[in-house]
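Please read each point alongside the sequence and the model.

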Amino acid sequence: MLSGEYGWAVAKAMEILVRVGEAVGADSLIEVVHAHVAGVSFSTIGKHGLELIGEFYKAGGRARVFTTINPGCIDYSGFSRLIDNAYESEQRLIDAALEGMGFRPVHTCVPYYYRPPSPGEHLAWSESSAVIIANSVYGARTNREGGLLALAASLTGYTYRAGLHLDENRVARVLLKIDPEIRPGYYGALGLWIGESIRKAPLVTGAPKTMDYVLRNMLAAAAASGNHALVALEGVTPPRTFKAEIEERVFVEKGDIEKYVFNPPKSTSSEILGYLGCPHMLPEDLLYVVKLLRKYGPVKRGKLLLTVPREFITKYSALVREAAALGADIAAGTCPVVSTPRRKFDYIITSSGKSYFYLSKIHRTRVGIASDEEVVKYVCGVYG
Ligand code: F3S
């Protein structure tokens, strides 16, 4: 592959993997079964990114393993009034090249919904929220790859053998006990605190033992505000996929997360947006929000944004239609972090710790964390 026998695209992809592998001290390559490629939104990669992806496609690059892709910068349903589709033609060019290479056009950050990994499987994923879920919930093995590295892994079927592919690096060193006073609806805030406060991989005790939005939300936030790619969860992370060598014990109290929590603004003229779906909603998450809207809605148009995988618009069309009829704005295959919102809001209220982190930094908007139920109640005007 490296010598060019399989063409320019494969040779270039292999060169990237070999160079990075050498830089991080990898002794060999390892086969992967699933690549997930982030960095496919025109808003974030711009025209140079578009050209590079186009070059790989035109040079014959094709997926050698199951490959999925992250959200783009447009709402693929075409109905959202909150996401701007200004870069539609550029995004479609990127999408055409990615599809031409055989990547599944799922446009979502929840690749485990399409192919749940098995414990011990080697992956090359480049979406930090998905990476931490793959390692911590499924017990699979992937580093936090850059988008180009995941693309290179797809075209070759390999990645470099280092980091979390090796047992010796899958070690939890901090025992983290969670205050039962922290309600699951606030685990987005808890994840932000973990990312900011804990440097080594933790083993978390006292968290709910289910793979649901609460845990995904917490892990995604820890990956965003910190550098985490593995947070072992007692009773959830498959036991033989990590070791615990505890050096430090930490108790996280309710007061530690207060700074992230939503405080209703005093001014009644403030423009406030409710946002749910970061990481993208799974079908059960969407159903839950629709139930909340049935109970507290309808919501005024333009006040509540929900983001879902691209195919949900057709696959779960009844739920999507109902949410829209109850006033929600649904954007498919994108999110406000990788796209350009049409309007600026004074404040965003969300359960998502990851969107708290990025929206406050990128869009310089005030953001506060509340549970899904409180977000829906607030935008429906029945809060408190
Ligand atoms: Fe997904 Fe966008 Fe959040 S890509 S994890 S919804 S920032």
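**Notes on the predicted model**

1. His-122 is located in the loop that connects helix 3 and strand 5; helices (H or I, at least four residues) and strands (E, at least two) are DSSP runs, numbered from the N terminus. The model is predicted: local features need pLDDT of at least 70, side-chain atom pairs count only at pLDDT 80 or more, and totals for chains, interfaces and linings use all residues. Residues are numbered from 1 along each chain as its sequence is written, and side-chain values use heavy atoms, with hydrogens and water left out.

2. Which residues surround His-122? Leaving aside neighbours within four places in sequence, His-122 is in contact with Ile-30, Glu-31, Val-32, Val-33, His-34, Arg-141 and His-165, where contact means heavy atoms within 4.5 Å. With His-165 there is also a polar contact, side chain to side chain, at 2.9 Å. A polar contact is a pair of N or O atoms within 3.5 Å; within protein, one must be able to donate a hydrogen and the other to accept it, and residues adjacent in sequence count only if both atoms are side-chain atoms.

3. The loop between helix 3 (88-100) and strand 5 (123-125) also holds His-107. His-107 is not a glycine, yet its phi is positive, at about 45°.

4. Three domains are assigned: domain 1 (8-161), domain 2 (170-260) and domain 3 (272-379). These bounds come from an automatic or database domain assignment. The centres of domain 1 and domain 3, taken over C-alpha atoms, are 25 Å apart. To their contact, domain 1 gives 29 residues and domain 3 gives 31 residues.

5. About 2,400 Å² is buried between domain 1 and domain 3, with 57% of it on carbon and sulfur atoms; buried area is the accessible area (1.4 Å probe) that two parts lose on being put together, summed over both. On the domain 1 side, the most area is lost to domain 3 by Leu-82, Ile-83 and Tyr-113, which together account for 30% of what that side buries.

6. The interface of domain 1 and domain 3 has 17 residue pairs in polar contact (both at pLDDT 80 or more). Elements giving two or more residues to the domain 1 side are helix 2 (42-58), strand 4 (83-84) and helix 4 (128-136). That side comprises 14 nonpolar, 10 polar and 5 charged residues; Ala, Val, Leu, Ile, Met, Phe, Trp, Tyr, Cys and Pro count as nonpolar, Asp, Glu, Lys and Arg as charged, and the others, Gly among them, as polar.

7. An open sheet is formed by 4 strands in the order 9-8-7-10, with parallel pairing; two strands pair if DSSP finds at least two bridges between them. Strand 9 (232-233) and strand 10 (243-252) are at the edges with a single partner strand each, so one side of each has no neighbour in the sheet. Strand 7 (residues 171-178) and strand 8 (residues 202-205) run parallel and are joined by 4 bridges. Leu-176 is opposite Val-204 of strand 8.

8. One joins Cys-278 and Pro-279, with omega about -5°; Pro-279 is in the loop between strand 11 (272-276) and helix 8 (283-296). Another runs from Gly-297 to Pro-298, with omega near 0°, and Pro-298 belongs to the loop between helix 8 and strand 12 (304-308).
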